[in-house]
Amino acid sequence: MPDAAPRRVARVVLLDPDDRILLLHGYEPDDPSVTWWFTPGGGVEGDETREQAALRELAEETGITEVELGPVLWQRVCSFPFAGRRWHQDEWYYLARTERTAVALGALTELERRSVTGLRWWTSAELSAARETVYPTRLAGLLRTLLDEGPPLTPVVLPPDIVQG
């Protein structure tokens with residue numbers, strides 16, 4: 001990891017009334033064959049809080065604004081190559097619930113327009129059976145634990161996720 005502070009990121013574990021999780025489908029702009037699924041969210045801007053960033057990013061990426069933002073579930077540090085550079089992030093994953101299941105890719109950034117292909121609601125079973133890459137790593141098990149046990153009393157610190165490439 002470089003000496004520079006990692007990018008502060010807020011992500012959302014958005015659940016619908018049927019406990020399905022919403023994930024975005026992304027790909028490497030320089031190699032569209034490299035794809036993965038990931039939770040909505042992104043970098044904190046200016047003096048906004050992580051909570052504000054989570055809600056803003058969710059609205060921008062999915063069009064959903066009617067949410068109840070819950071506690072931070074998980075925290076992780078990750079590093080990965082994307083769009084010609086290496087990203088170092090300190091990510092906080094917030095639980096959120098919504099009654100609304102209609103989604104649409106919204107006000108995406110230029111980079112997001114070049115790297116996001118769609119959205120999908122996943123059941124826990126579908127996620128467990130998926131053979132595709134999903135971030136954070138081990139999301140299927142994390143979601144199953146969340147649904148079985150409820151949110152943790154304090155955020156769970158996940159192992160660092162360092163993607164080579």
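Q: Let us start with a helix. Which residues of H1 are buried?

A: Keep in mind that this is a predicted model. An α-helix has 3.6 residues a turn, so residues three or four places apart point the same way. In H1, the buried residues are Arg50, Ala53, Ala54, Arg56, Glu57, Leu58, Glu61 and Thr62. Buried here means under 20% relative accessible area.

Q: How many residues does H1 have, and what span does the helix reach?

A: Helix H1 covers residues 50-62, which is 13 residues. From its first C-alpha to its last it reaches 18 Å, close to the 18 Å expected at 1.5 Å a residue.

Q: What follows H1?

A: Gly63 follows the helix, and its phi is positive, near 80°.

Q: Which value does phi take in Asp19, and where is that residue found?

A: Phi of Asp19 is near 65°, a positive value in a residue other than glycine. Asp19 sits in the loop between strand E1 (7-15) and strand E2 (21-28). With a relative accessible area of 27%, Asp19 is partly exposed.

Q: What is phi in Ala83, and where does Ala83 lie?

A: Ala83 has a phi near 55°, again a positive value in a residue other than glycine. This residue lies in the loop between strand E5 (68-82) and strand E6 (85-97). Its relative accessibility is 26%, and Ala83 therefore counts as partly exposed, since that class runs from the 20% limit of buried to the 50% limit of exposed.

Q: Is the peptide bond from Tyr135 to Pro136 cis or trans?

A: Omega is the angle to read for a peptide bond. From Tyr135 to Pro136 omega is near 5°, and the bond is cis. Pro136 is in the loop between strand E8 (134-135) and helix H4 (139-149).

Q: What is the make-up of the lining by class?

A: The lining of the largest pocket has 15 nonpolar, 11 polar and 12 charged residues.

Note on methods: Residues are numbered from 1 along each chain as its sequence is written. This is a predicted model: local features need pLDDT of at least 70, side-chain atom pairs count only at pLDDT 80 or more; totals for chains, interfaces and linings use all residues. Side-chain values use heavy atoms; hydrogens and water are left out. Helices (H or I, at least four residues) and strands (E, at least two) are DSSP runs, numbered from the N terminus. Buried means under 20% relative accessible area, exposed over 50%, partly exposed in between (1.4 Å probe, protein chains only). The expected span of a helix is 1.5 Å times one less than its number of residues. Ala, Val, Leu, Ile, Met, Phe, Trp, Tyr, Cys and Pro count as nonpolar, Asp, Glu, Lys and Arg as charged, and the others, Gly among them, as polar.
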